[in-house]
Amino acid sequence: QNKYLFIFGGYRYNKKLKQFKRSNYVNYLDLSNGIWYLLPVKLPQANGYFAIRDDDDIHLINYQGGHFIVPMQDILDSMNGKCTKLNDWNNKPKINISTKFEATQRMDDCRSEGMIYVEEKEDSSGEE
């Protein structure tokens, strides 16, 4: 049964600068009570991430292709520390969704920056 929903990094609105900035925070929603918390740990880089859980690890892949591995136990242990209560899901917090997207890089640009690009190979067996 699912107990928590995690958000790794992303974008956070900075009231002082009045703009969205990349975040290196880890937030989670406790699904049993609908309350958001901020963990007392920070990610290695402020960025947006795709998160993939693999057994006991979480693989974080940022939008530029960087890859970090965080042990799931480290995340769970940090939840027992001093987490900051953000808000109650039922209080309908003000949500801002950015609709500005950056163009996808060309394959040659990705290779020159050390990013991984995987090409699909055609099936040469003749089977369909």
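This is a predicted model: local features need pLDDT of at least 70, side-chain atom pairs count only at pLDDT 80 or more; totals for chains, interfaces and linings use all residues.

User: What makes S6 and S7 count as paired strands?

Analyst: Two strands pair if at least two bridges are found between them, and S6 and strand S7 (residues 57-62) are joined in the antiparallel sense over six bridges, so the pair meets the criterion. Within this region Ala 51 stands opposite Leu 60 in S7.

User: Why is one side of S6 and of S8 left without a neighbour in the sheet?

Analyst: The three strands form an open sheet in the order S6-S7-S8, with antiparallel pairing. Strand S6 (49-54) and strand S8 (67-71) stand at the edges and have a single partner strand each, which is why one side of each lacks a neighbour in the sheet. Neighbouring strands of this sheet are turned against each other by 25° on average, direction ignored.

User: Which strands does helix H1 touch where it packs on the sheet?

Analyst: Helix H1 (residues 72-79) touches S6, S7 and S8, where contact means heavy atoms within 4.5 Å, and the direction of H1 makes about 60° with that of S8.

User: How do you know which residues of the second largest pocket's lining are nonpolar, polar or charged?

Analyst: By class, the lining has seven nonpolar, two polar and two charged residues; Lys and Arg count as charged, and the lining includes Lys 3 and Arg 53, so these two belong to the charged class. This pocket has a volume of about 230 Å³, and the largest share of its lining, three residues, comes from S1, while S6 and H1 also give two or more residues.

Definitions and conventions:
Residues are numbered from 1 along each chain as its sequence is written. Side-chain values use heavy atoms; hydrogens and water are left out. Helices (H or I, at least four residues) and strands (E, at least two) are DSSP runs, numbered from the N terminus. Axes are lines fitted to C-alpha atoms, for helices over the stretch in contact, and angles run from 0 to 180 degrees between N-to-C directions. On a 1 Å grid over the protein atoms alone, a cavity is a set of points where a 1.4 Å probe fits but cannot get out, and a pocket is an open set with protein on both sides within 12 Å along at least five of seven lines; lining residues have an atom within 4 Å of a point. Grid points are joined across faces, edges and corners, and a volume is the space filled by probe spheres set on the points.
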